[in-house]
Amino acid sequence: MLGTFLTVLATALSLLIVDIVVPGVNIANFPAALIAAVVVGFLNSSLRPVLSALSLPLNLVTFGAFSLIVNGLCFTLAAALVPGFSAHGLLAFILGPVVLSFASTFINNYFVEKNVLSGSNQNPAELPSQGELTSR
């Protein structure tokens, strides 16, 4: 439960970063970013696999570059569904999901490094190494 909440929080913070970095992406306030994070997560888990499967031939021909279009469609659809979140223009369509992915990965990795998402309260320096695990 905490992991899901922190993932949504990380995505909302990442959307605010996208709002700052990418021209054409506008988020009105933090509650809109939280709602957009939930919608983006839902679309990426439900609609994106279907679109990816249907566009597999195009993905093969373009060596995976068509995935940017599929990501852009999900991002723009989320912007159309959430009041207070808008994405206009080609830069927002292409760069928005890319910046969102990088920012979200960075923030989620930060949470994991601080042991917030892993559930472990141990310091990573105190964890046994791979050699210590196999020698037991």
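**A helix crossing and its surroundings**

Modeller: This is a predicted model. Start with helices α1 and α5, whose crossing is right-handed. Helix α1 covers residues 2-21, and helix α5 covers residues 90-113. Their axes come within 8 Å and cross at roughly 135 degrees. Angles over 145 degrees would count as roughly antiparallel, and 65 to 115 as roughly perpendicular. The two helices are therefore oblique to each other.

Now the residues that make this contact. From α1 they include L6, A10, L13, I17 and V21. From α5 they include G96, V99, A103, I107 and F111. By class, the contact has twelve nonpolar and six polar residues, and no charged ones.

Next, the largest nonpolar core. It has 22 residues. L15, V18, V25, F75 and F85 touch the most other members. Both α1 and α5 are among the elements that give two or more residues to this core, as are β1, α2, α4 and β2. Helix α2 gives the largest share, seven residues.

Look at V25 in particular. Beyond its neighbours within four places in sequence, V25 is in contact with V18, D19, F75, F85, S86, A87 and A92.

Finish at the loop between β2 and α5, where H88 lies. H88 has 55% relative accessibility, so it counts as exposed. Not counting residues up to four places away in sequence, H88 touches P23 and G24. H88 and N26 are 62 residues apart in sequence, yet 8.6 Å apart in space, C-alpha to C-alpha.

Technical notes:
Residues numbered from 1 in each chain as written. Predicted model: local features only at pLDDT ≥ 70, side-chain atom pairs only at ≥ 80, totals over all residues. Heavy atoms only, no water. Axes fitted to C-alpha atoms, helices over the stretch in contact; angles between N-to-C directions. Helix = DSSP H or I, 4+ residues; strand = E, 2+ residues; numbered from the N terminus. Parallel < 35°, antiparallel > 145°, perpendicular 65-115°, else oblique. Left-handed = near helix turned anticlockwise from the far one by under 90°. Contact = heavy atoms within 4.5 Å. Nonpolar A, V, L, I, M, F, W, Y, C, P; charged D, E, K, R; others polar. Buried < 20%, exposed > 50% of the residue type's maximum accessible area, 1.4 Å probe, protein only. Core = buried A, V, L, I, M, F, W, Y, C linked by side-chain atoms within 4.5 Å.
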